[in-house]
Each structure stands twice: as C-alpha cells, then as structure tokens.
Amino acid sequence: MPILCADDYRALARPLLPADAWDYIDGGSGAELTLHANRRLFDRIELRPRVLVDVSHCDTAGTLLGLSLPTPVGIAPTAYHRLAHPEGEVATARGARGALFVVSIFASRSLEEIAAAATGPLWLQLYWLRRRAALAELAHRAQDAGYRALVLTVDAPRIGQRLRDARNGFAVDPGIRAVNLDGAIMAAAHERHEGVSAIAAHAAQTFDQSVTWADLAWLRGLTDLPLVLKGVLTAEDADRAVEHGVDAIVVSNHGGRQLDGSVPALRALPEVVAAVAGRCPVLLDGGVRHGRDVFAALALGASAVLIGRPALWALAVDGADGVARVLTMLTGELEHTMALAGRPRLGDIGRDAVLLPDWRDG
C-alpha cells in the first residue's frame with residue numbers, strides 16, 4: 001500500500017505491534033470521549049482561502065524560543081519508543097531531520113545517546129517525581145547534553161483511567177526500560193497484574209501529587225534552560241503560567257489519555273492564546289493528522305504543533321526513515337494548504353484564515 005498520509009502509517013503499524021502495546025499507544029482514558037473529540041474538531045474547521053496571491057514560494061520555516069526550525073511540526077513526548085522499534089528514541093531523533101523532538105522522561109534510550117543522534121533541537125519532558133533528586137539529576141544531564149528546554153507535564157498528578165491498559169493488565173516488557181531513571185523508581189511499571197495498568201500503579205507510587213505553582217521556582221532554578229508547561233487548557237492557568245515566568249505553554253489534554261471529557265485541545269487554544277496575549281509562545285498537541293490541521297492550529301494562534309501517535313506509527317513501520325517521512329508529509333501538506341489558501345508565509349496564517357463552527361453543537 002502506498003503511504004500517502006499519516007493515517008496510512010497507523011494501518012500499517014497496527015499488525016506489527018503486540019495487541020497490548022498497540023492499545024497502550026492508541027488508547028485514551030475512560031470512554032475515550034476526548035481522544036475522539038480532539039480529532040473531530042479539526043475536521044469541523046473551515047478554511048478561508050485568499051486568491052491572486054503570489055504563492056510560487058511558500059515558507060514553512062520559523063523560530064521558537066530562539067530556535068530556527070524548518071517546520072512548525074515537532075514530535076511530542078511519548079514514552080518507551082522501543083515498544084515501536086528496537087532503536088527507540090535514537091531512531092526518532094535521527095528521523096526528526098531538524099524538527100523539534102521533545103524527549104520523554106520515560107525514554108527507552110539514554111539522554112546522551114539521543115543527543116548524539118539528534119538532527120534537530122531537543123527538549124526534555126518531565127513529570128514531577130516524589131524523588132526530587134532524580135528530577136534534578138535529569139535536568140542537569142539534559143542541560144549538559146545540549147537539550148534546549150525543560151517541559152513539565154502538569155495534567156497528570158495521577159494517570160487517567162485507561163481501560164484498555166487495565167483490561168490487558170498492561171506492563172512494560174522488562175527488556176524495555178526507562179533507562180534514564182533508577183531501576184528502583186521504575187520497578188512497578190514492569191509488574192503485571194490482572195485488571196491493573198502497571199503504568200497507573202507506577203505513577204501512583206512515584207508522581208508527587210502535592211505540587212503547586214509555588215514549586216516551579218525550584219525547577220526553574222536547577223538550570224538555565226527555558227521552562228515549558230504542557231497540559232494547560234484554560235485561560236486562568238495560562239495567565240498564571242506567564243505570571244510564574246514560564247517561557248512557553250503547550251495546550252494539550254495528553255492526547256485524550258488523562259481526564260476524559262476534558263476540553264479538546266483545539267477548542268482550548270484560542271482561549272489560552274488570548275490569555276497569554278503574546279507574552280510567550282503557545283504550542284498545541286492532540287489530534288494533528290494532516291497539514292491542514294497544522295494550518296488551523298497556526299491560524300488560531302499556535303506557534304507550533306507536536307505529533308505523538310503518528311510519529312510512533314511511522315517509527316514502527318520504518319524506523320528513522322518513517323519518522324522523517326511522516327514529518328515531511330505533514331510539512332508538505334501544510335505548504336500545499338498555504339499555497340491554496342493564499343498564505344505563503346507562516347506569519348500570513350492569521351485568525352482570518354479559518355471559520356470556527358458552533359462548537360456547542362459538538
């Protein structure tokens with residue numbers, strides 16, 4: 001089958017992965033309402049094309065937190081890339097080909113190995129662990145290895161009720177480990193019990209649920225790196241984030257994997273952008289499958305988007321080359337949309353480029 005879009009990788013990846021690993025990657029929380037709503041809202045956006053514009057050259061390059069990027073499409077943090085491919089995050093880093101790659105705290109290759117293979121900028125994503133010394137060590141290692149920002153995920157004080165994982169009794173294969181953390185911290189993630197997600201059990205043991213805004217100062221003080229908050233969905237939290245000195249925000253509901261029924265990321269985006277009022281960049285993840293989706297997010301104020309599942313599908317099918325191709329396809333689709341919409345530069349993609357549906361109708 002010719003691979004012509006990101007969803008083609010999904011169809012090809014599914015039979016390559018064990019059923020429980022597929023459900024871990026593909027699934028959401030609860031009834032998966034938010035998982036599906038993320039995608040549905042993109043499909044309801046309408047574009048407003050302009051005509052008689054010189055679109056002989058459309059430029060997808062831009063900047064973000066001082067980084068020059070060839071595309072506004074980056075790779076979101078997802079754990080355990082070796083579930084999808086033996087080379088794991090090293091292959092993903094090679095395949096990024098200059099695009100931003102946000103590496104998970106639960107990466108299955110070392111931060112240093114990933115940095116050595118990287119072809120573009122790296123950020124490190126963190127969950128707030130009860131063992132602050134482990135968190136501090138990771139932050140210092142990231143800075144020493146050349147990572148360009150820390151990304152704190154703030155929507156997961158505990159793991160969402162991911163029913164697929166619980167039904168499968170999902171646990172991470174002992175041969176695939178979060179190698180950047182001490183084995184004792186990660187032990188529960190590998191313990192299989194019927195009707196229990198080992199991912200949720202591990203988080204209950206290791207995530208600090210008492211963290212508040214006041215704690216951000218400690219994390220900021222560990223390194224000179226910019227601090228990005230991932231998982232913001234409201235104007236109130238966006239405003240507080242900026243007040244606490246956050247350098248960027250990722251509008252995200254964790255790909256529908258946390259609070260089921262939470263606002264879809266695209267719907268939350270205009271509210272967050274308005275609250276930030278240009279004081280820091282805003283990114284988006286959740287449901288992006290086509291360059292048209294990237295265009296819509298940029299029109300609503302995002303500086304960039306991040307893809308999670310499509311990168312893993314492509315990694316499973318064709319390793320680094322698959323990752324490179326899915327990013328190339330999405331960027332090419334964005335460029336094509338820019339041309340047909342009469343918006344040849346990223347700066348031309350403003351709020352007037354889209355029509356929003358009445359989202360009250362679902």
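Biologist: Where in the chain does Ala277 sit?
Modeller: In this predicted model, residues are numbered from 1 along each chain as its sequence is written, local features need pLDDT of at least 70, side-chain atom pairs count only at pLDDT 80 or more, and totals for chains, interfaces and linings use all residues. Side-chain values use heavy atoms, with hydrogens and water left out. Helices (H or I, at least four residues) and strands (E, at least two) are DSSP runs, numbered from the N terminus. Ala277 is in the loop between helix 12 (265-276) and strand 10 (282-285).

Biologist: Which residues of helix 2 are buried?
Modeller: Helix 2 is mostly covered, with 6 of its 8 residues buried. The cover includes helix 1 (6-13), helix 3, helix 7 (163-168), helix 9 and helix 14, where contact means heavy atoms within 4.5 Å. The buried residues are Ala21, Trp22, Asp23, Tyr24, Ile25 and Asp26.

Biologist: Tyr24 interests me. Which residue lies over its face?
Modeller: Happy to tell you! A charge sits over a ring if NZ of Lys or CZ of Arg is within 6 Å of the ring centre and within 35 degrees of the ring normal. For Tyr24, the residue at 5.1 Å from the ring centre is Arg257.

Biologist: What is the volume of the largest cavity?
Modeller: On a 1 Å grid over the protein atoms alone, a cavity is a set of points where a 1.4 Å probe fits but cannot get out, and lining residues have an atom within 4 Å of a point. Grid points are joined across faces, edges and corners, and a volume is the space filled by probe spheres set on the points. The lining has 38 residues, with Pro77, Thr78, Ala79, His254 and Arg257 nearest the centre of this cavity. The volume of the largest cavity is about 550 Å³.

Biologist: Which residues lie closest to the centre of the largest pocket?
Modeller: A pocket is an open set of points with protein on both sides within 12 Å along at least five of seven lines. The largest pocket holds about 330 Å³ of space. Of its 19 lining residues, the closest to the centre are Leu152, Thr153, Val154, Asp155 and Val211.

Biologist: Which strand gives the most to that pocket lining?
Modeller: Strand 7 (150-153) and strand 8 (227-232) each supply at least two of the lining residues. With 3 residues, the one that gives the most is strand 8.

Biologist: How far apart are the ring centres of Phe106 and Phe207?
Modeller: Rings of Phe, Tyr and Trp (its six-membered ring) pair if their centres lie within 6.5 Å; planes under 30 degrees apart count as stacked, over 60 as edge-to-face and the rest as tilted. The whole structure has 6 aromatic pairs. Phe106 and Phe207 are a stacked pair, with 5 degrees between the planes and a centre-to-centre distance of 6.4 Å.

Biologist: Why do Tyr127 and Phe207 count as stacked?
Modeller: Phe207 is buried, with a relative accessible area of 2%. Its ring centre is 4.8 Å from that of Tyr127, and the pair is stacked because the planes are at 20 degrees.

Biologist: Which residues form the aromatic cluster?
Modeller: Leaving aside neighbours within four places in sequence, Phe106 is in contact with residues including Tyr80, Tyr127 and Phe207. One aromatic cluster is formed by Tyr80, Phe106, Tyr127 and Phe207.

Conventions: Buried < 20%, exposed > 50% of the residue type's maximum accessible area, 1.4 Å probe, protein only.
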